[in-house]
Amino acid sequence: FHPQFPSTFYEGRADMCSALCYEILKYCNSKLSSIRTEASQLLYFLMRNNFDYTGKKSFVRTHLQVIISVSQLIADVVGIGGTRFQQSLSIINNCANNDRIIKHTTFPSDVKDLTKRIRTVLMATAQMKEHENDPEMLVDLQYSLAKSYASTPELRKTWLDSMARIHVKNGDLSEAAMCYVHVAALVAEYLTRKGMDLISYFNPYLFFIMAVE
């Protein structure tokens, strides 16, 4: 894998980078250790390439898309976050620590921060599942996770979308509708600041909420 047109992945719309991160992360949870290793190394290469593309300043695009993809996978893939996935995160960290070319840059610590954030999300999600019948503990855990997304509306929206899908799967439509209301509020604030059209974006959310009513 060698991106001939890096701007496609690291600038403009995030669709391409997002889709690639999502697919690679699925293979980071493979039952075959060889597949997990190759997927981890490929994801590391994508982040490293992003870092080089910015003149060794940051890899914000892949950093953001990886966390968004993990949040989506929590709802879509059974068993994500187990031992296999944790091993893949360790491989990515090891790649950063053993890469001599970027040893004296911020890259290794940024990679460590990313994997730490992923582990926080996975741990909070697992604990929520354990305590789903304990309302007080569940609220505390949800607050902890939301707090980690506070500075990034895109990630908060992704988490709310994931929660909504889980609620729909369980038949809890009122709870799903509340998630979409929060998403609508986040997006409305963003679009208002950008001076963009609200109605065309909100149609899918409004349709769902009206259907629940």
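Entry 1, terms and ground rules. I call a residue buried under 20% relative accessible area, exposed over 50% and partly exposed in between, with a 1.4 Å probe and protein chains only. The model is predicted, and I noted that local features need pLDDT of at least 70, that side-chain atom pairs count only at pLDDT 80 or more, and that totals for chains, interfaces and linings use all residues. Residues are numbered from 1 along each chain as its sequence is written, and side-chain values use heavy atoms, with hydrogens and water left out.

I looked up lysine 26 and found it in helix α2. With a relative accessible area of 35%, lysine 26 is partly exposed. I also checked lysine 26 against aspartate 76: they are 50 residues apart in sequence, and their C-alpha atoms are 9.9 Å apart in space.

I take helices (H or I, at least four residues) and strands (E, at least two) as DSSP runs, numbered from the N terminus. The protein chain has 10 helices and 0 strands. Of the 213 residues in the protein chain, 40% are buried. I count a contact when heavy atoms lie within 4.5 Å. Among contacts between residues at least 6 apart in sequence, 64% join residues at least 24 apart. Accessible areas come from the Shrake-Rupley method with a 1.4 Å probe, and for residues only the protein chains shown count as cover. The accessible surface of the protein chain comes to about 12500 Å², and 57% of that belongs to carbon and sulfur atoms.

Two packed helices are described by the angle between their axes and the distance between the axes. The axes are lines fitted to C-alpha atoms, for helices over the stretch in contact, and the angles run from 0 to 180 degrees between N-to-C directions. Angles under 35 degrees count as roughly parallel, over 145 as roughly antiparallel, 65 to 115 as roughly perpendicular and the rest as oblique. A crossing is left-handed if the near helix is turned anticlockwise from the far one by less than a right angle, and right-handed if clockwise.

Helix α2 (residues 15-27) packs with α3 at an angle of about 150°, and their axes are 8 Å apart. That makes α2 roughly antiparallel to α3. The crossing of α2 and α3 is left-handed. From α2, Leu20, Cys21, Ile24, Leu25 and Tyr27 meet residues of α3 that include Ile35, Ala39 and Leu46.

Helix α5 (residues 83-97) packs with α3 at about 45°, with axes 9 Å apart. That makes α3 oblique to α5. I noted the crossing of α3 and α5 as right-handed. Among the α3 residues that meet α5 are Arg36, Ser40, Tyr44 and Met47.

The axes of α5 and α6 come within 8 Å and cross at roughly 170°. That makes α5 roughly antiparallel to α6. Residues of α5 including Phe85, Leu89 and Ile92 meet residues of α6 including Phe107, Val111 and Ile118.

I pair rings of Phe, Tyr and Trp (its six-membered ring) if their centres lie within 6.5 Å; planes under 30 degrees apart count as stacked, over 60 as edge-to-face and the rest as tilted. By this rule I count 5 aromatic pairs. The ring centres of tyrosine 44 and phenylalanine 107 are 5.7 Å apart and the planes stand at 65°, so the pair is edge-to-face. Tyrosine 44 is in helix α3 (residues 33-53) and phenylalanine 107 in helix α6 (residues 107-130), so this pair ties together parts 63 residues apart in sequence. Tyrosine 44 is buried at 9% relative accessibility, and phenylalanine 107 is buried at 0%. Ring pairs link Tyr44, Phe51, Phe59 and Phe107 into a cluster.

Threonine 62 sits in helix α4 (residues 60-76) and is buried, at 0% relative accessible area. Neighbours within four places in sequence aside, threonine 62 is in contact with Tyr10, Cys17, Leu46, Met47 and Asn50. Serine 18 is in helix α2 and counts as buried at 18% relative accessibility. With neighbours within four places in sequence left aside, serine 18 is in contact with Gln65 and Ser69.

Lysine 56 lies in the loop between α3 and α4. Its phi is near 60°, a positive value in a residue other than glycine.
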